[in-house]
Amino acid sequence: MDSRHNDTDRTTSAGPATHTTARCVVVGPYLRASEPRGGEGRGRGEFRSPEARLDEAIGLARAIDLDVVESVVVALSAIRPATYLGRGKVEEIAERVKSLEAGLVVMDCALSPVQQRNLEKAWNAKVLDRTGLILEIFGRRAATREGALQVELAHLTYQKSRLVRSWTHLERQRGGFGFLGGPGETQLETDRRIIQDRIRRIEHDLEGVKRTRALHRTSRKRVPYPIVALVGYTNAGKSTLFNRLTRSGVLAADMLFATLDPTLRAVDLPNGPRVILSDTVGFISDLPTMLVAAFRATLEEVIEADLILHVRDVSHGDTQAQSKDVDQVLEELGIPPEDERILEVWNKIDQVSAEERERLHNLAARQSPERRPLLVSAIDGEGLDALVAAISERVARTRVALTVSVDAADGAALSWLHRNGDVLETATSDDGITTVRLRVHPTKEGQLRAKFGDRVQAAG
């Protein structure tokens, strides 16, 4: 066996140790035919090596406190319909699972229900595929009722697809979302009906969540504050950057999916408007479609954002491939990579060598001003002043600059202007006229001109 790790004495450090740690073997299968030939694509970093994919799978396993006792890359010439892996590899892994007394095997791929069941029989252990593993992590991370509902919907949609005739009995949930539970005796049709009923109830509850979020967005649009959304691959440093910009204490840890529930904070930009900064769940390669669908109400904050900061970890060897994965999820949300709202933020430059830093600066400088990324370190603050300035400049493009002349004694008019726009400057002349320079959302311009008439002028 091509084993790369044997961590029998190592315990996971990800997450609180509040429950029994399961001994786990991680298997990273890949098709030889899917690898780029002759190094094609590798120079651009758009393809992950099998070892890099395996390392990420290990990180995912440890994110839910699994004790990874061994991990292995398995090269496949073809996918077997019954077991995914070839017979020899199935038998070889069975021996290792037994000798290591592992109760769980994580397959870093998508398994059919039949493949999952057959592998569990062959290995006498619970088998979790990549989709199930990510859903389990989300189940552990959800801290709010909304997040729990979204994850449960995704889990039930996934579980429903596991209900096939080849399963004589299903598995009873044991706490949380129950991927790691023991054997149960619920009948197939009864379970399918129960799951479908629960899905309907959750979808009804999430409609309420969607309406509430829509009301919140509507109320913000009355002001309206520009929305700046942070997106990026999981563990790219979004939450650390969020904390830097907002001076808040959102959880920011060196683990996959440390942040799940969205967070919004108001930020007053120096010499700029107040904006709402939104931190969202991190993306990952092969993010389950049902999770994207379940979290759509949350991700609508990104869809309707005035500016989208795509945060990348440029110290990571797979940064280019991670960027492609984020682009793919954004496209699923209807946001193409060329969307003019996207501004790339190359984070963690404090973790690269001087030579690599120079290369990154040169690479960024060669891009057009409209698409030029900003290099920052959310840890030590390097480059954040330039980032804040860029945010102010990009947000200003989405607003109309105007001046309004009002009587200095007209407090109601001045109050209305402050409530409905970003007031940049006020000046009162000797004759008692106050000139207000402000920016407003284009949807507010007509209302402002209707209220103040010819006292409204385009700002110079």
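**Close-up views of a predicted model**

The protein has 14 helices and 15 strands, where helices (H or I, at least four residues) and strands (E, at least two) are DSSP runs numbered from the N terminus. This is a predicted model, in which local features need pLDDT of at least 70 and side-chain atom pairs count only at pLDDT 80 or more, while totals for chains, interfaces and linings use all residues. Residues are numbered from 1 along each chain as its sequence is written, and side-chain values use heavy atoms, with hydrogens and water left out. Of the 460 residues in the protein, 51% are buried (under 20% relative accessible area; exposed is over 50% and partly exposed lies in between, with a 1.4 Å probe and protein chains only).

**View 1. Leu-291 in helix H8.** Start with Leu-291, which belongs to helix H8 (residues 289-294). Its relative accessible area is 2%, so Leu-291 is buried. Beyond its neighbours within four places in sequence, Leu-291 is in contact with Ile-134, Leu-135, Phe-138 and Ala-154 (contact means heavy atoms within 4.5 Å). Look also for Thr-157: it is 134 residues from Leu-291 in sequence, yet the two C-alpha atoms are 9.4 Å apart.

**View 2. Helix H5, residue by residue.** Helix H5 (residues 145-161) has 17 residues and reaches 24 Å from its first C-alpha to its last, close to the 24 Å expected at 1.5 Å a residue (the expected span is 1.5 Å times one less than the number of residues). Twelve of the 17 residues of H5 are buried, so this helix is largely enclosed by the rest of the structure. Among them are Leu-149, Val-151, Leu-153, Ala-154 and Leu-156.

**View 3. Two nonpolar cores.** A nonpolar core is a set of buried Ala, Val, Leu, Ile, Met, Phe, Trp, Tyr and Cys residues joined through side-chain atoms within 4.5 Å. In the largest, of 46 residues, Val-26, Leu-66, Val-106, Phe-283, Leu-287 and Leu-330 touch the most other members. Apart from it lies another core, of 24 residues, including Val-228, Leu-269, Val-345 and Val-395.

View 4. Helix H2 and helix H3 (residues 113-123) pack at about 55 degrees, and their axes are 9 Å apart (axes are lines fitted to C-alpha atoms, for helices over the stretch in contact, and angles run from 0 to 180 degrees between N-to-C directions). That makes H2 oblique to H3, since angles under 35 degrees count as roughly parallel, over 145 as roughly antiparallel, 65 to 115 as roughly perpendicular and the rest as oblique. Val-90, Ile-93, Ala-94 and Val-97 in H2 meet Leu-119, Ala-122 and Trp-123 in H3. Thr-83 sits in the loop between strand E3 (67-76) and helix H2 (87-100). With 17% relative accessibility, Thr-83 counts as buried. Setting aside neighbours within four places in sequence, Thr-83 is in contact with Val-90, Gln-115, Asn-118 and Leu-119.

**View 5. A four-stranded open sheet.** Here four strands form an antiparallel open sheet in the order E13-E14-E12-E15 (two strands pair if DSSP finds at least two bridges between them). Strand E13 (422-428) and strand E15 (456-458) stand at the edges with a single partner strand each, so one side of each has no neighbour in the sheet. Neighbouring strands are turned by 25 degrees against each other on average, direction ignored. Helix H13 (residues 411-420) packs on the sheet, touching strand E12 (400-407), E13 and E14. Helix H14 (residues 442-452) lies across E12, E14 and E15, at about 20 degrees to E12.
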